[in-house]
Structures are given as structure tokens and as C-alpha cells.
Amino acid sequence: MSLTPEHLQTAAHTYGTPLYVYDAAELDAALARVRAAFGDARVYYAMKANPNLTLLRRLHAQGVGFECVSAGELARAAHIGAAGDRILVNGPAKTPGEYATGAELGATFILDREEEVRLLPPASRALVRVNPALNVSTHDHLATGAAGSKFGVTLEQVPRVLDALRAAGHTALGLHVHIGSAIRDAHDFTAAFHRLGDLRAHTGPLDVLDAGGGWGLGADLRGIAREARAAAATFGAQLWVEPGRYLVAQAGTLLTRVVGTKRTGRKFVLVDAGMTELLRPMLYGAQHPVTPLWDRSGSDTWDLAGPACESGDLLGRDLTLPDPHPGDLLAIYEAGAYGAAMSSNYLTRARPAEVLHDAGTWTVIRQRETPQDIWRAEENV
């Protein structure tokens with residue numbers, strides 16, 4: 001990340017906290033790393049990671065497509081001008097409205113269950129999502145390719161589903177696999193690709209292999225890409241990929257100020273951000289790098305506690321920090337994915353502002369909410 005502590009101090013002073021800040025240079029660099037590794041593979045951004053319109057427009061301008069998993073995400077894609085083969089419609093429980101909107105936009109559908117064949121709009125383009133039945137190196141809530149996961153069709157079902165798509169007048173483009181998010185061991189991808197490759201004798205050649213995303217932030221992209229290209233070549237297929245967190249996580253930082261300290265059975269630094277601003281630590285046990293933006297003598301070990309009346313509202317544990325004072329600023333890194341996207345109005349807390357740093361200029365890309373914004377939909381009903 002190219003933003004310095006001075007940049008972050010300036011942003012917090014100007015726009016208040018809690019605050020999400022994004023570094024445009026890091027967003028561009030992450031996309032460049034993906035393209036350098038995967039070559040001519042088609043890139044679709046998994047919008048759920050961060051759907052901010054300014055970030056979407058930046059990616060759209062660079063030729064990136066979008067993987068959408070809700071009516072709202074489809075509306076965002078259409079709003080920024082994406083259409084046709086730049087949109088994928090995914091999800092295990094698509095609604096009639098999502099099928100209709102996808103058809104209007106000319107999108108490609110990712111079929112998640114055999115029954116979807118009869119639900120697709122006429123003459124749809126479709127990929128079949130395959131569940132490779134693997135245990136992978138991530139949190140259970142992030143594993144989507146395990147045998148007990150709700151996603152995809154079984155390996156045995158794949159040939160039958162492809163045949164059913166063709167018989168119904170659809171274009172069966174190929175296969176899709178996404179085994180989870182924040183995968184720590186790259187060998188998990190190798191195993192998944194090999195299981196797909198074993199289907200070649202039953203499917204024949206295909207036009208597309210969508211290898212999904214889920215790469216850890218420190219992943220060996222070139223190694224994963226090499227395996228993905230080999231799997232695509234097995235089918236004579238074009239390779240597609242769907243990075244989400246990988247593109248935006250390191251571009252985003254959550255800034256929060258110290259409110260005070262407290263000692264019970266543990267020592268706590270109380271801050272003005274919590275589970276309503278960053279849910280991942282509570283939801284997944286995610287550990288984000290935390291840096292104090294003050295320099296003071298003395299240090300101790302602290303838990304970082306948010307303001308919610310929830311025992312699980314902790315943003316970090318066992319952090320070594322210099323002596324904290326009210327008003328001190330903390331930077332919580334790798335927060336650009338599933339940070340602002342999962343923020344909520346629980347406790348009628350206003351979702352934070354979001355700002356983008358691009359070529360030396362700060363731009364507000366989401367206004368800080370007010371209580372009136374939160375309850376506006378409840379008035380005059």
C-alpha cells in the first residue's frame with residue numbers, strides 16, 4: 001500500500017472516523033498482478049467483496065467484468081454500463097427477477113443445481129458450477145467446494161447437466177469451480193483442477209473453464225495460474241477467473257480512534273469502530289494487521305474492542321501497542337474486502353464514510369450516514 005501514516009492521519013483528520021480509505025494505486029497493482037499471472041484469461045470481479053460504485057467504474061474502465069450474486073449487484077453492474085459477456089449471474093438460489101434481469105443484460109448464468117436448467121431464460125449461455133468435494137485450508141464459513149457445501153453440482157452430475165442444457169436449447173459454455181475464499185494452501189487449487197480434469201472423458205471439449213478465485217493475499221498466483229491453464233487446456237477451453245478479495249483487500253484500510261482503555265480479566269483498548277464496521281473478525285475469526293499511528297514509550301498487550309454490546313465485538317486480540325491515549329489513531333489493514341461491504345446499521349450505527357486516494361487527491365466515494373438516513377425508509381409507510 002502506497003499510503004503513508006501521514007496520508008492516513010490527514011484522511012482521519014479531514015473526514016473523521018471510523019473511516020474506510022482506499023488506495024487506487026494498490027487496486028490497479030492488484031489487477032496488474034492478476035493479469036501478469038493469468039495472461040489472456042478473462043477477469044471477472046466478484047462484486048460481493050466491495051461493491052462501491054467508484055471502484056466498480058474503475059475496474060469496468062480497465063476491461064474487467066463482474067460476477068453478481070444478487071439483484072442489487074446486477075443493478076449496480078447495469079448502472080455503471082456493464083452488460084453482455086461482461087456479467088456473470090451466480091448464486092445457489094436465484095430469483096425469477098434475477099433470471100429476468102440477467103437475460104435483459106445478456107449475461108452468462110452460472111448454474112448451481114440441476115433443476116436450474118428449466119428455470120433459465122430461453123437460449124441462455126451457462127456454465128455449470130462443480131463441487132469437487134474437497135476439504136480446503138480456510139474457515140468453514142468460507143469453504144464452498146466441500147462435499148457438505150450448498151454450492152454446485154456433484155462431479156457425477158456434470159455430464160448429465162451439460163446434456164440437459166443443450167437439450168433445452170441453451171449454450172453450455174463449460175464448467176465453473178470456486179472452492180472458497182482466503183485459501184491458504186495453493187495445493188487445494190491443484191486438487192480441484194485435477195478433479196475437473198478427470199471429467200474430460202465424460203464431457204468432451206468445452207469452450208470455457210471458469211477457475212473462480214479465492215486466492216490468499218500472499219498466494220503464488222503464477223503457480224495457481226499455471227495449474228488453471230493446464231486444466232483449461234485439458235478441455236480446449238478459454239480460462240476465466242473471478243478474483244474478489246484479492247483485488248481489493250490490500251487497497252483498503254479502516255481507520256479508528258482510541259476512545260479509552262479498560263481492564264477486566266483482560267486489557268482492552270476501546271475504539272470507535274467495531275463489528276458494525278468490520279464484521280470479519282467476529283464472523284470468520286479473521287486477523288487483520290493493525291498498526292498504531294502514534295509513537296510513545298511503553299508497550300503492553302491489548303485486545304481491540306469495539307463499542308457494541310456484544311462480547312464478540314473484538315477487532316483484534318493480543319496486540320502489542322505503545323501506551324494508548326484517547327484520540328490516538330489505529331490503522332486496520334487488508335480491510336478493502338468484506339469490510340464496508342458487510343458493514344451494518346445494527347444499533348442504529350451510521351455506516352462509515354469511504355474515501356479514495358488517487359494521484360495525490362482524496363475523493364469521498366461514500367458519504368457518512370446520518371441517523372436520518374438509516375430510518376428514512378421507516379417513515380411514512
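Two strands count as paired here if DSSP finds at least two bridges between them. Strands (E, at least two residues) and helices (H or I, at least four) are DSSP runs, numbered from the N terminus. With that in hand, E14 and E15 pair in the antiparallel sense over 6 bridges.

Some ground rules before the tour. This is a predicted model, in which local features need pLDDT of at least 70 and side-chain atom pairs count only at pLDDT 80 or more, while totals for chains, interfaces and linings use all residues. Residues are numbered from 1 along each chain as its sequence is written, and side-chain values use heavy atoms, with hydrogens and water left out.

**Strand pairing**

- Besides its antiparallel pairing with E15, strand E14 pairs with strand E12 (residues 267–271) in the parallel sense over 3 bridges.
- Ser299 has Pro322 in E15 as its bridge partner.

**Helix H1 and what follows**

- Leu8, Ala11 and Ala12 are buried in helix H1, which spans residues 5–15; buried means under 20% relative accessible area, exposed over 50%, and partly exposed in between (1.4 Å probe, protein chains only).
- These three residues are on the same side of H1, because they cover an arc of only 95 degrees around the axis, the arc being that of the directions from the helix axis to the C-beta atoms.
- As a reminder, an α-helix has 3.6 residues a turn, so residues three or four places apart point the same way.
- Glu6 and His13 are exposed on the other side of H1.
- The buried residues of H1 pack against strands E1 (19–23), E11 (252–263), E16 (329–332) and E18 (361–366), with contact meaning heavy atoms within 4.5 Å.
- Gly16 follows H1 and has a positive phi, near 80 degrees.
- A cis peptide bond joins Thr17 and Pro18, with omega about -5 degrees; Pro18 is found in the loop between H1 and E1.

**Positions listed as binding site**

- In an unreviewed entry, UniProt lists Arg245, Arg280, Tyr284, Glu310 and Tyr338 under "binding site".
- These positions are spread over 94 residues of sequence and also in space, up to 26.7 Å between C-alpha atoms.
- Please keep in mind that UniProt positions are given in the numbering used here, feature names are shortened, and annotations may be inferred rather than shown by experiment.
- Arg245 sits in helix H10 (residues 245–248) and is buried, with a relative accessible area of 14%.
- Glu310 lies in the loop between E14 (299–305) and E15 (314–322), and is partly exposed at 32% relative accessibility.
- Leaving aside neighbours within four places in sequence, Glu310 is in contact with Met275 and Tyr346.

- Leu347 and Thr348 both lie in the loop between E16 and E17, where E17 covers residues 353–358.
- Leu347 has a positive phi near 70 degrees, although this residue is not a glycine; its relative accessible area of 42% makes Leu347 partly exposed.
- Thr348, also not a glycine, has a positive phi of about 50 degrees and is partly exposed at 45%.

**Cysteines**

- The count of disulfides is 0, taking a disulfide as a pair of cysteine sulfur atoms within 2.5 Å.
- Cys68 is buried, with a relative accessible area of 0%, whereas Cys309 is exposed at 75%.
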